[in-house]
Amino acid sequence: MGETISFEVSGMTCQNCVRHVGTALRKIPGVRDVEVNLDQGTARVMLAEGKAGEATAGAMLAAIQDAGYEAKVL
Ligand SMILES: [Cu+2]
């Protein structure tokens, strides 16, 4: 079990948005898996074991924003 970081993501309106956010987060080194919930407007990022230093919350926020959505850490 690795660490997880959860975000509130605003601006997602459909499954394409979910895919965009998920793809952006999965590109970050050290991210093991991502679950994006459209109804709740959340994204949960699971980190690979021992990779918490690479996959920072700041890098994830930047990736979500680059994809065109607003986010904050939950
Ligand atoms: Cu959409």
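Predicted model: local features only at pLDDT ≥ 70, side-chain atom pairs only at ≥ 80, totals over all residues.
Asp-33 stands opposite Met-46, a residue of S3. Residues are numbered from 1 along each chain as its sequence is written, and side-chain values use heavy atoms, with hydrogens and water left out.

Strands here are DSSP runs of E with at least two residues, helices are runs of H or I with at least four residues, and both are numbered from the N terminus. Two strands pair if DSSP finds at least two bridges between them. S2 and S3 are antiparallel partners, with 6 bridges. Their hairpin has 4 residues between the strands, and Gly-41 takes a positive phi near 65° there.

## S1 and its two partners

S1 runs antiparallel to S3, and 5 bridges join them. Among the pairs, Thr-4 has Met-46 of S3 as its bridge partner, while Ser-6 has Arg-44 of S3. S1 also pairs with S4, again in the antiparallel sense, over 4 bridges. Here Val-9 stands opposite Ala-71 of S4.

## A covered strand, and the loop after it

S3 is mostly covered, with 5 of its 6 residues buried. Thr-42 is found in this strand and has a relative accessible area of 17%, so it counts as buried. Contact means heavy atoms within 4.5 Å. Leaving aside neighbours within four places in sequence, Thr-42 is in contact with Phe-7, Val-9, Met-12, Glu-35, Val-36, Asn-37 and Leu-74.

Ala-48 lies in the loop between S3 and H2. With 21% relative accessibility, Ala-48 counts as partly exposed. Not counting residues up to four places away in sequence, Ala-48 touches Gly-30 and Arg-32. From Ala-48 to Gly-22 there are 26 residues in sequence and 16 Å in space, C-alpha to C-alpha.

## The nonpolar core

A nonpolar core is a set of buried Ala, Val, Leu, Ile, Met, Phe, Trp, Tyr and Cys residues joined through side-chain atoms within 4.5 Å. The largest one has 22 residues, and those with the most contacts inside it are Val-9, Met-12, Val-21, Leu-25, Met-60 and Ile-64. Two or more residues each come from strand S1 (4-10), helix H1 (15-26), strand S2 (31-37), strand S3 (42-47) and helix H2 (57-66). H1 gives the most, with 5 residues.

What does Val-21 touch, leaving aside its neighbours within four places in sequence? Val-21 is in contact with Val-9, Met-12, Val-36, Ala-43, Ile-64 and Tyr-69.

## Helix H2

Met-60, Ala-63 and Ile-64 are the buried residues of H2. Seen down the helix axis, they fall within an arc of 100°, so they line one face of H2. The arc is that of the directions from the helix axis to the C-beta atoms. As a rule, an α-helix has 3.6 residues a turn, so residues three or four places apart point the same way.

The cover over these buried residues includes S1, H1, S2, S3 and strand S4 (70-73). Just after H2, Gly-68 takes a positive phi of about 110°.

## The copper site

Now for the metal. Cys-14 (SG) and Cys-17 (SG) are the protein donors of the copper ion and lie 2.1 Å from it. Donors are N, O and S atoms within 2.8 Å of the metal (3.2 Å for Na, K and Ca), and water is not among the atoms, so sites may look incomplete.

Is each of these cysteines buried or partly exposed? Cys-14 is partly exposed, with a relative accessible area of 29%, whereas Cys-17 is buried at 8%. A disulfide is a pair of cysteine sulfur atoms within 2.5 Å, and the count by this rule is 0.

Terms used: Buried < 20%, exposed > 50% of the residue type's maximum accessible area, 1.4 Å probe, protein only.
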